[in-house]
Amino acid sequence: MSNERYGRRVPGPVQSIERAAAILRLLARGSGRLGVGEIASSLELAKGTAHGILRTLQRVGFVEQDRATGKYQLGAALLHLGTSYLDVNELRSRAINWADALAARSGEAVRIGAPLEGSVLVVHHVFRPDDSLQTLDVGSLLPLHASALGKVLLAYDVELVGVLQRGELTAFTRRTIVAPKVLARALTEVRDHGWAADVEEYAPGQASIAAPIRGYGGLVVGAIGVSGGVERLCDGRGEPASALVGYVRDAARAVSRDLGASRW
Amino acid sequence: MAQRYVMSIDQGTTSTRCILFDQRGRLHSLVQKEHQQHYPKPGWVEHDAVEIWRNLERLLPQCLRDASIAADQVVALGIANQRETVVLWDRHTGVPIGHAIVWQDTRTDELVEDLAARPFAATVHERTGLPLATYFSAPRIKWLLDRLPGVRERAERGDVVVGTMESWLIWNLTGGPDGGVHVTDVTNASRTLLMNLHTLAWDDELLSFFDIPRRMLPEIRSSTETYGRTTRVVPGIRIGAALGDQHAALFGQTCFAPGEAKCTYGTGSFLLMNTGATPAHSTHGLLTTVGYKIGEEPAVYALEGSIAITGSLVQWFRDGLGLITSAPEIETLARTVDDNGGCYIVPAFSGLFAPYWRSEARGVIAGLTSYITKGHLARAVLEASGWQTREVVDAMNADSGLELSTLKVDGGMTADNLLMGFIADVLNVPVVRPMVVETVSLGAAYAAGLAVGYWPDLEGLRRNWHRAAQWSPSMDPDRRTSEYANWRRAVELTFGWMRPHEPHEMGGVVVAPPAR
């Protein structure tokens, strides 16, 4: 097959990715623990080059370095390659300070969600800072198609949309999106704008706003958002208040930066 | 009028942080810089006080710059600091005499054993509320005076002075050799073994017991009062408060009423309970300490229980056993099972601290059967932090005559929902996490803001405190009782493991301090 089949040159192989793959294959053999010098000489690479690639592989979790010996081995992230989502407790731990700051700035309750078996699992919950009686709902499930958190997760995960469309979309209120075509349009909008909202789509009088949390390379690993009464979350026209949208997106970007997503 | 802020400095063990808070207690700007740890010999831990001061010289203007704030918008500055670390310096030049000796340093172990054998030793605990141990400042000062040539004479003449880290920073900020104010606050002074806990003054008999000249010591002041204004770095800012870091956390968590308590969960954990206007003498191995002292008001006392191994047990599970790759995964692994399967881990890695104080104890994993999986072990790891908290709380309730009704928590482990829920279960009281996790810095800011009227009173500060999460107890009482009994049986199995004369790192009364 020609590289110029479509009249535009498709770029050739990327050398550093080939080298990275060779390093991973090398580490997968034998004892599986090698020093940077051993790796460099096996592959006839300059030590500096091998080191640079190893550092990058370490950053994304594909290799790990033994603290005592300094040798490299395959990382745990490779074993969990099929499950691209971050450990939910790790996600909470990394996001907790930013979630607190979002609650303090917005004055609203904050939740962080990750997908679980066709629903949104609430992995973190910060109370609305008014000291009213509230119950921690970490561990509870929200519908993907009727919550801002869920729509964000759907917008960046084709697989998840597929799972959802095999079943029926439950109507929770008159405003719940139940038509797959309408949902698809809504998800395009989420991708265009970088955030999602639900206005009385899950419960009458309630609204939510959410934005994606990204990990290495921009992979969406969860969503963070605020929820509360429509009268507080939305403006006079019933649209999500732009100040709140800004706070939510700032918080999502801050968590993403902490998780290593450099561009967001 | 431009928005006004309070600044806090947290001079910690590994880094110095500078934070601006607004009137609602919200974090506005944060900068921090780590400093080097020096380990010249086994058991020795030192910091370079000049490096710490230079870091602060850079951080303070940087914090204002980041927030685009002018110095006159800062109404006051409060300092929280690593406790018990001491530095000696020349009053005329501002140059430290060697490095600061850090609270983790155990070089004074033989000196402390020697002092403990003297008749007056029994009086030390009664006067200071503290056991005679390497953990506190006075043995370190004595060690330096005994060994550094000519320093004792210079100290007696008043040329060489001593201070904990807040003293060093306040002296430098207020001019250093050029009119610097040499003061300490009661909470820091209460950790030296030199202050009489009842009079809140340096005690002559304690000074002569440790052979430390009074002239070299700073003046003891309240935790909140204006010590002076900065004349260097960013001149003109009122210095309104200083507290030891754990005391600052108690203040930041607004534990202002007797019986209110906070626990900071880090590698080790520190539980402090407000016991009101009179010191509660401990018969259960807790420390009696000054909680805080606001201006001219009477001091508020506290009981402190330190748990040596909490977060560090999770780190051991990760690094020593390799069963998880990151600390938060302990919760994921623990949730793969419904209970501990009859397994208990007692992390007496370097003996047992409060309330047992058994230096010869060593850790056990009890109740092992072929049924036990790594999930059960993960549960047992988390539950160990819960039961250790319960033992300290029981000791506190007994010593104070008060009943803990809620535990306020902060620190990294509060992100672990399973653990926080378990602590609520075993204490049978609600566990509450506040919205601002930086309770140490917030406490120093609160105290400083209070000193200058930025906040009117303690009630005003309470209104700033907001609940971010609450875990309520849901364990069946019979199960709580039987599980606690099992834990205590597991603890008993750790006793007497180290034989006398066997080489080990803990000798006599000298115990390794908990990490934080």
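**Ground rules.** I count residues from 1 along each chain as its sequence is written, with chains lettered from A and ligands numbered from 1 in the order in which they are written. Because the model is predicted, local features need pLDDT of at least 70 and side-chain atom pairs count only at pLDDT 80 or more, while totals for chains, interfaces and linings use all residues.

**Chain A, overview.** I looked up the elements of chain A and got ten helices and eight strands. Both kinds are DSSP runs numbered from the N terminus: helices are H or I with at least four residues, strands are E with at least two. The C-alpha trace of chain A spans about 65 × 50 × 30 Å along its principal axes. Chain A has 264 residues, and 39% of them count as buried. Buried here means 20 or more other C-beta atoms within 10 Å of the residue's own; 12 or fewer is exposed, in between is partly exposed, and the C-beta atoms are placed from the backbone.

Two residues are in contact if their C-beta atoms, placed from the backbone, lie within 7 Å.

**Sheet in chain B.** I then traced an open, mixed sheet of seven strands in chain B, ordered β17-β18-β16-β15-β21-β22-β23. Strands pair if DSSP finds at least two bridges between them. At the edges sit β17 (287-292) and β23 (467-471) of chain B, each pairing on one side only. Strand β22 (431-434) of chain B runs antiparallel to β23(B), joined by four bridges. One partner I looked up: B:V431 bridges to B:W471 in β23(B).

**Helix α13 in chain B.** Is this helix largely enclosed or open? Ten of the eleven residues of α13(B), 417-427, are buried, so the rest of the structure largely encloses it. Among the buried ones I noted B:L418, B:F422 and B:D425. The cover includes α11 (329-334), α12 (374-400), β21 (407-410), β22, β23 and α16 (477-494) of chain B. Just past the helix, B:N428 has a positive phi of about 60°.
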